[in-house]
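Good morning, and thank you for coming. Please look at the sequence and the structure as they come up, and we shall then go through a few places in turn.

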Amino acid sequence: MRASLSLLAFTCALSGRLCVAQTPRPAEDPRPSAPATEQEVPALKKVFEDLFLIGGALNRNVVTGRDAAGAAIAVKHFSTATAENDLKWQLIHPQLDRYDWEPADGYVAFCEKNRMVAIGHCLVWHSQVPRWVFRDDSGNPLTRDALLARMKDHIVAVVGRYRGRIQGWDVVNEALDENGALRGTPWVRIIGEGSADKQYDFIEHAFRWAHEADPDAELFYNDYNLEVSRAKCDGAVAIVKRLQSKGIRIDGVGIQLHGGLGYPSIEGLEHAITTLAATGVEVMITELDIRTQARGYRGADIGKVSRKSTSDPGAASAETQKKLADKYAEIFSVLIEHRKEISRVTFWGIHDGASWIGGSPLLFDRSYKPKEAFFSVVKASRERQY
Ligand code: G3I
């Protein structure tokens, strides 16, 4: 938990407060009877300040001020933030010899100005990576050595640019299939060269080079459905143990937690948290949202969702909002219970209008108002004796 303490210490230092042991708070219902005024909506970062960092994914509109109301929510409520897209390879490094730093610079500056722990998402992923990355000038697949060199250049450039300013990195994102084996991505195919011994090499090198580029940065493996598929969770444990056995720095695993009204189960979430924490790394909830659509794809692959599959005419109904509030309360009661293992909880977005999944998955609605789910999360924190 060294790393999680350092992150908490970082925010405490920034806010000029000492983090002290929490005395039990009385259970109370923070839900106002009349529509909430600004004063009646407690800042989440205050509510959870002694437990874990709390944050959200920021899109470009928020960072640039085009979404001023979204930015105001982030500033009030979040002690940490993740760039939703602007650090992804396709956006920050669109061509071999061209980096587009401006949007990511804006995100880092936004975090610094507003005293948020900045998280870098993500360095090595099979999605949102341009095709040229895997091909030579003639369009042929790169060799293992050439792809490793390209990956190193990218990591050194991006992590190096934000050295000391981005405190933690999702170094490798979504490398696992649901069965816990590595996905058959170009990273595995080319760098692994069809050899079982070499298939994890891209992960090991990515973590090594990220550490070299910023020795003080915390380094994470990040994936979805770890709380749903035990085999996939075991796959993440295997990655952690492999890196640890070779003396390669890894500080934590991100459970993305793209959930739904009926999942994950308490048991599945607790299993993932305790199993991952048992390896000695910190555990983070990195992309929390709860999809309200009753049917459809359960996962986090943007390629499998569409405007049609994410439309949800019933999203605003009282029944759906009650179910959403109950699911959030259940999830937060587990997170609070496991606060010693968890260093950070980040929502994947700020308000429903900007969510990747449509429907009503977050704590703030399309008019930027806190929903019943917001107050159920606050209530969950006040009901726990800690
Ligand atoms: O930037 C272009 C813009 O120029 C263009 O006009 C517009 C038209 O569609 O597309 C814009 O790019 C979109 C980008 O988001 C920024 O809005 C891409 O099409 C779209 O595919 C992309 O989706 C993102 C997705 O990852 C793929 O990178 C989502 O916003 C983002 O929420 C989602 O986040 C992922 C995490 O990174 C990893 N875990 C799963 C999670 C959900 O899929």
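Which residues does N179 touch, not counting residues up to four places away in sequence? They are A231 and K232, where contact means heavy atoms within 4.5 Å.

Before continuing, a word on the source. This is a predicted model, in which local features need pLDDT of at least 70 and side-chain atom pairs count only at pLDDT 80 or more, while totals for chains, interfaces and linings use all residues. Residues are numbered from 1 along each chain as its sequence is written, and side-chain values use heavy atoms, with hydrogens and water left out.

To return to N179, this residue lies in the loop between strand 4 (168-173) and helix 8 (186-192). Helices (H or I, at least four residues) and strands (E, at least two) are DSSP runs, numbered from the N terminus. The C-alpha atoms of N179 and K232 are 5.5 Å apart in space, although 53 residues separate the two in sequence. The side chain of N179 also reaches the backbone nitrogen of A181, at 2.9 Å. N179 is exposed, at 56% relative accessible area. Buried means under 20% relative accessible area, exposed over 50%, and partly exposed in between, with a 1.4 Å probe and protein chains only.

Let us turn to the ligand. It is surrounded by 15 residues, and the closest are E84, K88, H121, E174 and E287; a residue is near a molecule if one of its heavy atoms lies within 4 Å of it. This shell divides into 5 nonpolar, 6 polar and 4 charged residues. Here Ala, Val, Leu, Ile, Met, Phe, Trp, Tyr, Cys and Pro count as nonpolar, Asp, Glu, Lys and Arg as charged, and the others, Gly among them, as polar.

Which distances separate ligand oxygen atoms from polar side-chain atoms? For K88 the distance is 2.7 Å, for N85 it is 3.0 Å, and for Q128 it is 3.3 Å. Taken alone, the ligand exposes 800 Å², of which the protein buries 57%; these areas come from the Shrake-Rupley method with a 1.4 Å probe.

Most residues other than glycine have a negative phi, and most peptide bonds are trans. Q128, however, has a positive phi near 55°. Q128 lies in the loop between strand 3 and helix 7 (144-161) and is partly exposed, at 28% relative accessible area. N225 likewise has a positive phi, of about 60°, although it is not a glycine. N225 is found in the loop between strand 5 (218-223) and helix 10 (230-245), and counts as buried at 7% relative accessibility.

Where are the cis peptide bonds to be noted here? One runs from H121 to C122, and C122 is found in strand 3 (residues 117-124). Another joins Y263 and P264, with P264 in the loop between strand 7 (258-260) and helix 11 (266-277).

Finally, helix 13 (residues 318-337) has 20 residues and reaches 28 Å from its first C-alpha to its last, close to the 28 Å expected. The expected span is 1.5 Å times one less than the number of residues. Its buried residues include L324, Y328, I331 and L335. Among the elements covering the buried residues of helix 13 are strand 1 (53-58), strand 9 (342-347) and helix 14 (372-383).

How values were computed: A polar contact is a pair of N or O atoms within 3.5 Å; within protein, one must be able to donate a hydrogen and the other to accept it, and residues adjacent in sequence count only if both atoms are side-chain atoms.
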